[in-house]
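Student: I'd like to go through this one by asking you things. Can we start with the overall build and then pick out some residues?

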Amino acid sequence: EPEQLVLAARLAGHLGGHKLSRWFMRHGRSVFPDHPAVSFYATYFGTQRENPVDAFRDFEIRELDGLTYDDPKLQAHWLATAAMSWGSVRQMTRAHRLLDDALALEVDTGYTLMAQAVVHFMEDQWERALDCAERAWTLAPGRPATANTLGRILSRAGRVEEAANRLYGAAKEHESFGIAVEAIRYCMSMAEHAEGDEQTHWSDWAQELNHDLGARAPLADRDTLRTLDFIRFDVAQFRQDLGALESLSNEGATPFLRTLSADLVKATDKRRLLLPYTPLRQKHNTCLPTAIGAILTARGDAIDVDALVKQISFGGTASWRAMEWLKQQGYAAHPILLDRHVATTLLEAGHTFVFITSHLDNAHAMTAIGIDYAADCLLVHDPSGLRWLRYELAHLGDTEHPLGPEGILITTPEDWESARQLIDAENLDVAQAYTAYQQA
């Protein structure tokens with residue numbers, strides 16, 4: 001029966017069998033091509049699209065032709081799904097109209113409220129988003145997608161500890177693989193920012209959930225097994241669990257993971273250098289002002305990131321404009337080009353700095369905060385994410401040289417003279433010339 005195929009596909013996905021889930025969806029679509037539920041779930045959840053524009057084309061065709069599902073619940077789910085997709089490309093008026101239509105059907109099982117929370121989150125309306133997510137969780141406690149949404153909203157609002165506690169509790173109450181994965185992420189985030197007994201407490205919670213994670217995914221396919229191993233590695237690396245790392249060096253799901261685990265086991269320098277920073281979270285297109293705020297507030301300087309955004313950001317923030325503002329406030333702010341030597345020298349001298357990655361279609365600013373010597377990695381606070389990021393120092397900027405990755409070093413005028421001695425003069429000259437080119 002078509003309904004059974006849909007249920008089997010969704011259940012397989014929740015149990016770690018994503019490949020099997022997609023097979024059920026494809027099979028259902030070939031056998032029951034006109035069945036509404038099969039069509040909906042196979043179209044929007046069961047296939048790998050090569051071009052995301054196809055999904056928006058499907059949404060527009062259904063809207064323009066006035067196509068609806070006879071089942072009100074299915075129609076509400078389609079409207080909510082379309083709303084989240086349009087919200088992701090900043091079409092908020094359209095997204096809210098679709099959500100209003102979905103809510104008017106009065107058949108919500110929590111999915112529409114979750115979608116409304118996601119759209120408010122994209123708008124940086126965090127209190128409204130949280131209210132919707134809380135109501136969605138009340139209607140459908142244990143839904144992994146709602147747990148993910150609730151955690152993201154709480155963490156972006158600076159309530160990571162609350163998110164970790166609630167998701168850990170949900171993971172203990174429900175058998176969901178997805179919720180346990182989210183709970184581990186938040187517990188590990190808390191452990192990264194804690195010390196002593198508190199750090200042990202959070203990493204113990206993560207290890208506890210990690211221990212039975214495989215049992216929650218009995219249909220685990222290759223992709224899920226890779227996820228499981230990376231989570232095992234994450235927890236083992238943080239806890240410096242050499243036994244677990246030794247096991248991963250022999251049995252890890254990927255050659256990269258096996259090699260990295262083996263290197264950590266053999267590493268003689270287990271130090272982790274971590275400089276002071278404030279783990280601020282960004283709003284839409286405000287990564288650079290937030291990265292600057294993470295540095296300055298940790299030094300005790302008062303800075304209102306929202307006010308700064310209004311002054312220097314216009315659909316993003318140019319680095320030269322940020323440096324001009326910093327100089328107007330009395331700081332010494334200079335562009336630098338980053339490689340292993342520059343990054344490690346600055347951090348070991350006590351200087352955090354803005355770390356900028358650039359690609360053809362986007363750029364992102366973060367804060368370099370330390371060094372993991374055992375993994376030979378640069379530690380970076382990403383204002384758009386939950387966890388530290390790690391960049392291999394041996395390959396720092398391989399894809400961006402010779403003019404990147406860029407950095408911004410912020411000091412007092414008095415400290416600049418000593419700081420500049422740490423950086424090659426040619427580096428500073430080229431970085432300044434590149435910044436002038438960008439400004440022109």
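Student: How many helices and strands does the chain have?
Tutor: This is a predicted model, where local features need pLDDT of at least 70, side-chain atom pairs count only at pLDDT 80 or more, and totals for chains, interfaces and linings use all residues. Residues are numbered from 1 along each chain as its sequence is written, and side-chain values use heavy atoms, with hydrogens and water left out. Helices (H or I, at least four residues) and strands (E, at least two) are DSSP runs, numbered from the N terminus. On that basis the chain has 21 helices and seven strands.

Student: What is the radius of gyration of the chain, and what would a compact globule have?
Tutor: The radius is taken over C-alpha atoms, and the globule rule is 2.2 Å times the number of residues to the power 0.38. For 440 residues a compact globule would come out near 22 Å, and the chain agrees with that, at 24 Å.

Student: What share of the residues counts as buried?
Tutor: Buried means under 20% relative accessible area, exposed means over 50%, and partly exposed is in between (1.4 Å probe, protein chains only). Of the 440 residues, the buried share is 50%.

Student: What share of the contacts comes from residues 24 or more positions apart?
Tutor: A contact here means heavy atoms within 4.5 Å. Counting the contacts in the chain with a separation of 6 or more, residues 24 or more positions apart account for 61%.

Student: Where is alanine 115, and which residues does it touch?
Tutor: Alanine 115 sits in helix α7 (residues 111–122). It counts as buried because its relative accessibility is 0%. Leave out residues up to four places away in sequence, and alanine 115 touches Ala80, Met84 and Leu99.

Student: How are the rings of phenylalanine 56 and tryptophan 86 arranged?
Tutor: The structure holds seven aromatic pairs. Rings of Phe, Tyr and Trp (its six-membered ring) pair if their centres lie within 6.5 Å; planes under 30 degrees apart count as stacked, over 60 as edge-to-face and the rest as tilted. Phenylalanine 56 and tryptophan 86 lie 4.8 Å centre to centre with 55 degrees between the planes, so the pair is tilted.

Student: Which helices does that pair link, and are the two residues buried or exposed?
Tutor: The pair links distant parts of the chain, 30 residues apart: phenylalanine 56 is in helix α4 (residues 53–65) and tryptophan 86 in helix α5 (residues 72–88). Phenylalanine 56 has 18% relative accessibility, so it counts as buried. Tryptophan 86 has 7%, so it too counts as buried.

Student: What about phenylalanine 230 and phenylalanine 256: how is that pair arranged?
Tutor: Their rings are 6.5 Å apart centre to centre, with 25 degrees between the planes, and the pair is stacked. It links distant parts of the chain, with phenylalanine 230 in helix α13 (residues 222–239) and phenylalanine 256 in helix α15, 26 residues apart. As for cover, phenylalanine 230 is at 32% relative accessibility, so it counts as partly exposed. Phenylalanine 256, at 45%, also counts as partly exposed.

Student: Which residues is threonine 254 in contact with?
Tutor: Threonine 254 lies in the loop between α14 (242–251) and α15 (255–266). It counts as buried because its relative accessibility is 12%. Setting aside neighbours within four places in sequence, threonine 254 is in contact with Arg226 and Phe230.
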